[in-house]
Structures are given as C-alpha cells and as structure tokens.
Amino acid sequence: MKNNLFVMCGVIALSVLSVGCSPRHAPKETSSVIGVIGGSDGPTSIYVQEDTSDFLLQRGLEVIEKMCILAKDSTYIHYCTQNADIISRVKHLASCHYHSGYKFFEIVFSPAFLKKKMTGRNKETSDKLFFERFCQSIPMWINAYAGSANVAAISMLACEEVFHCHTLAHPCFYLYRFEQGIDCMVWFVPRKESIVQSYATFLVHERLADLKTANELKAFFSEMIGVAEIEVKEIN
C-alpha cells in the first residue's frame with residue numbers, strides 16, 4: 001500500500017513537472033503577420049496582416065464597398081430623406097457596377113502647398129488640422145458643381161474606416177475610376193501607432209468622363225481647388 005502511494009505521488013509530480021516545463025504554443029510566425037500589442041506574449045498579442053504593395057488600394061476598395069451597401073439599402077435611404085430628387089441620385093449611384101475594371105491614381109500635395117496656405121491665416125488652428133479639413137472638403141467642392149441634391153446624396157453615403165498600416169508616412173488621396181461606376185475618392189490619413197484613417201466619397205463632375213491621363217486630372221484638380229502644387233500619378 002505504501003509502495004503504491006509512493007508510485008502515485010511520483011506520477012503526479014512528474015505530470016506537474018511536465019506541464020510546467022512544456023513550451024506553450026506560440027502564434028505561428030509567418031511573413032504575413034506582425035505583432036502589434038503584447039510583444040512575444042502569445043496570449044495577449046494582437047496581429048494584423050502585413051502591408052503589401054496593394055494594401056492601401058484594397059483598403060480603399062473595402063470602404064467604397066461600404067458606400068455601395070448603404071446606397072442599396074432602401075431602409076437607410078428613406079430613414080435619411082424623403083426628397084425624391086436626392087433618392088433618385090442615390091439610386092443612380094447604387095446602380096453602378098463597382099466590381100468592374102478600374103484605374104486608380106494617387107494625388108498628393110507638394111510641401112510648398114501647406115506653406116503657401118498658411119500665409120496670412122489665423123494660426124489658432126493647427127496647420128495639421130487645417131490641412132486635414134481642407135483635404136476632406138475637396139470632393140464636396142467638386143460635387144457641388146452638380147447641385148445641392150447631388151451633394152446631399154453623396155454626403156449620406158460617405159464612409160470611413162480605420163486600420164493598421166506601417167508604410168504610409170504622409171496623407172494622400174486615391175482616385176478610383178471604374179469602367180462601369182462613378183469615380184470615388186479615398187482620403188488616407190496616418191495617425192499614431194501605425195493607425196490609418198480613411199474617408200471615402202463618390203466624385204461627380206460632368207468633365208471627369210473626358211479626362212483620361214494623370215496630367216489631365218492634375219489640371220482639373222488644380223483648377224477646381226485653386227492649387228497648383230499637386231502631383232497626380234497613375235498606379236499600375
């Protein structure tokens with residue numbers, strides 16, 4: 001009996017020792033994830049997909065898809081407005097095929113732009129805040145040429161998203177030009193700790209259909225917003 005007791009104690013002790021010394025299952029290390037929170041402590045780590053060459057492009061398409069979902073949601077639209085003209089414009093936006101082929105362009109402002117805009121301005125508002133507000137308003141300036149009902153319809157559908165991105169150093173616009181859809185603009189703004197905030201809106205102007213090249217688009221935006229210090233390039 002006493003021998004059996006010694007044997008049982010020994011088995012229990014070995015089991016405890018085995019559990020205590022066995023390595024914990026760590027998250028699988030692959031090139032497609034990056035630890036964000038928790039360091040090497042597996043149970044508390046949060047992982048995000050690693051940035052790829054088309055990472056921002058895909059994030060922009062995702063937030064555009066959210067706008068399309070809202071445009072097709074009749075309950076949401078009728079909750080927002082009963083105006084027949086606005087509802088008609090929303091239906092037009094919803095009828096387009098945003099999974100069709102597309103081209104997209106990157107739009108950035110040169111460093112000289114902000115310095116020029118700051119001259120003579122009330123400096124109580126920070127330069128960064130002013131720049132962000134200015135850029136966010138650009139699509140609506142352009143949409144306003146199509147009338148107030150158009151602005152109202154597009155404003156109802158504008159969406160934003162937040163995600164991690166480790167490669168975006170400066171704010172920029174992406175302009176998506178769909179073969180069977182309305183042009184869309186997404187404004188990407190880097191925040192602290194590799195967080196990026198994106199704002200998406202439809203872009204409507206009667207002249208856009210005739211503009212094909214980056215140089216033509218640059219001339220258009222420069223005229224619309226009164227800023228020459230911008231660069232537009234097509235991303236392949």
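**Exercise 1.** Find which residue lies over the face of Phe55, and at what distance from the ring centre.

*Solution.* Start from the criterion: a charge sits over a ring if NZ of Lys or CZ of Arg is within 6 Å of the ring centre and within 35 degrees of the ring normal.

A word on the model: it's predicted, so local features need pLDDT of at least 70 and side-chain atom pairs 80 or more, while totals for chains, interfaces and linings use all residues. Numbering runs from 1 along each chain as its sequence is written, and side-chain values use heavy atoms, with hydrogens and water left out.

**Exercise 2.** Classify the ring pair Tyr98 and Phe202.

*Solution.* Rings of Phe, Tyr and Trp (its six-membered ring) pair if their centres lie within 6.5 Å; planes under 30 degrees apart are stacked, over 60 edge-to-face, the rest tilted. The structure holds 15 such aromatic pairs. Tyr98 and Phe202 sit 5.7 Å centre to centre with 50° between the planes, so the pair is tilted. Now check burial (under 20% relative accessible area; exposed is over 50%, partly exposed in between; 1.4 Å probe, protein chains only). Tyr98 comes out at 10% and Phe202 at 0%, so both count as buried.

**Exercise 3.** Do likewise for Phe104 and Tyr176.

*Solution.* These rings are 5.9 Å apart centre to centre, with 20° between the planes: stacked. Both residues are buried.
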